Structures are given as C-alpha cells and as structure tokens.
Amino acid sequence: TQSTWDQQKRSAQMRVYYDRDCDVNIIKDKKVAILGYGSQGHAHALNLRDSGAKNLVVALREGSPSAKKAEAEGLKVMGIAEAAAWCDLIMFTMPDELQAETYKKYVHDNLREGSAIAFAHGLN
C-alpha cells in the first residue's frame, strides 16, 4: 500500500503557465500601480507596458532616485498614497521588510474599495 505522503506527492504536480493560459486584455484598461522600481518593479512595469497596459504608473516614495529611471523609460511616476487612491491594482515589488510599514503608512487609508493588492517577494 502506498503511504499518504506518496499519494500527496503524486497529486501535487507543478503547473507551468504560459502566455496562452491568460488573457492579457483583462488588465489592459485597468489602472495599475507598480510600487517600487528595483529589479522586480522595473521588470513588472516594463512587461506590463510592453504588453499593452494603458494606465500604468510607478509608485515611489518622495525623493526616490528611481523616479528618474522610470521616467527615462517613459513611465509615469506618482507618490505611493496618490497611486493607491488612483489604481485598480497595486503591486508591491519592494523588499519584503518594507511592505508592512508602507502598506500601513501609504496604502491602507487610500486604497479604494474593490481595488486589488498583489505582492512580489524575493525571500528576503
């Protein structure tokens, strides 16, 4: 008889998703804010832009040196609180240890009802 563990291992196979598995048109007209513009934020923002997202901003803290980098790529930059109030989806791409405080300070009181939040992390 097989153990429960063996049965679980066999039934928990990884699923790989490809472009054909999603409908990018769903997000094209949504207002999307990418919070942070480091390695993950940069990649998310440019990927969305290149995929046809029309209402895309990079949300950064005031005085962030990343603002010039994002603007040089043709991206609009907003403050974090302003972006949270504006967007349909806010994607946190900042370091893990900054996410909770940033959410409490800038996002919680500004996020509109019905907006979505997503988190990327680097296992920091």
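This is a predicted model: local features need pLDDT of at least 70, side-chain atom pairs count only at pLDDT 80 or more; totals for chains, interfaces and linings use all residues.
Modeller: Local features here need pLDDT of at least 70, side-chain atom pairs count only at pLDDT 80 or more, and totals for chains, interfaces and linings use all residues. Residues are numbered from 1 along each chain as its sequence is written, and side-chain values use heavy atoms, with hydrogens and water left out.

Colleague: What makes β1 and β2 a pair?

Modeller: Two strands pair if DSSP finds at least two bridges between them, a strand being a DSSP run of E with at least two residues, numbered from the N terminus. Strands β1 (residues 31-35) and β2 (residues 55-60) have five bridges, in the parallel sense, so they count as a pair. Leu35 has Ala59 of β2 as its bridge partner.

Colleague: Which strand order does the open sheet have, and why are β3 and β5 at its edges?

Modeller: The order of the five strands is β3-β2-β1-β4-β5. Because β3 (76-79) and β5 (116-119) each have a single partner strand, one side of each is left without a neighbour in the sheet.

Colleague: Why is the β2 to β3 crossover called right-handed?

Modeller: A crossover is right-handed if, with the strands pointing away from the viewer, the path from the first strand over the helix to the second runs clockwise. The chain goes from β2 through helix α4 (residues 66-72; a helix is a DSSP run of H or I with at least four residues) to β3. This β-α-β crossover is right-handed, so its path runs clockwise in that view. Four bridges join the parallel strands β2 and β3, and Ala59 has Met78 as its bridge partner in β3.
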